[in-house]
Amino acid sequence: MGIKRIIALTLGWEDLPRSASVHGASRAERVREPVPALLLEHDEGWLLLDTGFNTALLRDPALRRRFYPSPNYQPELPGPGEPLEEAFAAVGVALHDVTRVALSHLHVDHVGGLKHFAGRVPVHAQRAELDYGLSNHPEPERYSMARVDYDDPRIDWRLADGDTEIVPGVTALLTAGHTPGHQSFVVHLDGGGGYVFACDAADLTENITHERAIGSFRGVTAEQTTAPIRRLKEIGARHGYPVIPGHDPIAWPALTAELAGRFS
């Protein structure tokens, strides 16, 4: 039993230095990275992996100054409305068709759309991630976590302490380093095949191909961030699945087109 269909969504972009994704890269070199999400169709509906930005924190000038104070990082929304609503409409899926949400981690570009699902569906994350996000204020906010995105008593948290199955065909893998409870996902398809989604354990293809340390990490050294990458590559090799980087501006559009063709 596995996943019937995968749809890749792009919920915005972020303009930032390459050094944010590759440790030791030039801070002067800029990249425009996509903000990804995935819809996975399973027996009980759709599982959404990650949720993009909270539009209120970007469109309100005062909130934007607070939560995005650095001119070095510039987020972009894809249109005038709510990115999730617009992306879902474009692929013919309704928000109420989502039966579960799983988060790779709590950074602002992955968790801001939780407001659409609070009080409605279970939300899967690692316990270590939520513990960090709710503790020691304001440190998490300085590290791109906006507590307003995820500190909601209506959220039905389903917290894991390590690798865990989310639904049949989808396993979350604890790949801490980028954040204390970051998780990546292995997806097995009905009929064979699948993918390993690294999420922010490896932003770019070069992080995977050349095992280059990621540029943003917490609680570990830069060198230690290559261990999760090697693990993901080993899992991918064992199953014959590609390992998909989380924010690659070439690989993500290519995957989006591949999945659209495969499941059309």
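Reader: How far apart are the mean positions of the positive and negative charges of the protein chain?

Author: In this predicted model, the mean position of the 25 positive charges and that of the 35 negative charges are 2 Å apart. Lys and Arg count as positive, and Asp and Glu as negative.

Reader: How do you know whether the radius of gyration agrees with that of a compact globule?

Author: For 264 residues, a compact globule would have a radius of gyration near 18 Å; the protein chain has 17 Å, so the value agrees. The C-alpha atoms fill a box of roughly 45 × 40 × 35 Å along the principal axes.

Reader: What share of the residues counts as buried, and what supplies the exposed area?

Author: Of the 264 residues, 54% count as buried. The protein chain exposes about 10,900 Å², and carbon and sulfur atoms supply 52% of that area.

Reader: What makes up the chain in terms of helices and strands, and which part carries a domain annotation?

Author: The protein chain has ten helices and twelve strands. An unreviewed UniProt entry gives the annotation "domain: Metallo-beta-lactamase" for residues 34–247. Over residues 34–247 the chain is 28% helix and 26% strand, and the end C-alpha atoms of that stretch are 5 Å apart.

Reader: How many of the contacts join residues at least 24 apart in sequence?

Author: Among contacts between residues at least 6 apart in sequence, 66% join residues at least 24 apart.

Reader: Where is Thr 179, and why does it count as buried?

Author: Thr 179 lies in the loop between strand E9 (170–174) and strand E10 (183–188). Buried means under 20% relative accessible area. Thr 179 has 0% relative accessibility, and therefore counts as buried.

Reader: Which residues does Thr 179 touch, leaving out those up to four places away in sequence?

Author: Thr 179 touches His 105, His 107, Glu 129, Tyr 143, Met 145 and Arg 218. A contact requires heavy atoms within 4.5 Å. Thr 179 and His 107 are 72 residues apart in sequence, and their C-alpha atoms are 8.6 Å apart in space.

Reader: Is His 96 buried or exposed, and how far is it from Phe 197 in space?

Author: His 96 is found in the loop between helix H3 (83–91) and strand E5 (98–102). Exposed means over 50% relative accessible area; His 96 has 61%, so it counts as exposed. His 96 and Phe 197 are 101 residues apart in sequence and 24 Å apart in space, C-alpha to C-alpha.

Reader: What is the phi of Asn 136, and why does Asn 136 count as exposed?

Author: Asn 136 has a positive phi of about 60 degrees, although it is not a glycine. Asn 136 is placed in the loop between H5 and H6. Its relative accessibility is 53%, so Asn 136 counts as exposed.

Reader: Which form does the peptide bond from His 137 to Pro 138 take, cis or trans?

Author: That bond is cis, with omega near 10 degrees. Pro 138 is found in the loop between helix H5 (127–133) and helix H6 (139–142).

Reader: What is the phi of Cys 199, and is Cys 199 buried or exposed?

Author: Cys 199 also is not a glycine, and has a positive phi of about 55 degrees. Cys 199 is found in strand E11 (residues 194–199). With a relative accessible area of 11%, Cys 199 falls under the 20% cut-off and is therefore buried.

Definitions and conventions:
Residues numbered from 1 in each chain as written. Predicted model: local features only at pLDDT ≥ 70, side-chain atom pairs only at ≥ 80, totals over all residues. Heavy atoms only, no water. Helix = DSSP H or I, 4+ residues; strand = E, 2+ residues; numbered from the N terminus. Rg over C-alpha atoms; globule rule 2.2 N^0.38 Å. Buried < 20%, exposed > 50% of the residue type's maximum accessible area, 1.4 Å probe, protein only. Areas by Shrake-Rupley, 256 points an atom, 1.4 Å probe, with all protein chains shown as cover. Charge placed at Lys NZ, Arg CZ, Asp CG, Glu CD. UniProt positions renumbered as here; feature names shortened; annotations may be inferred.
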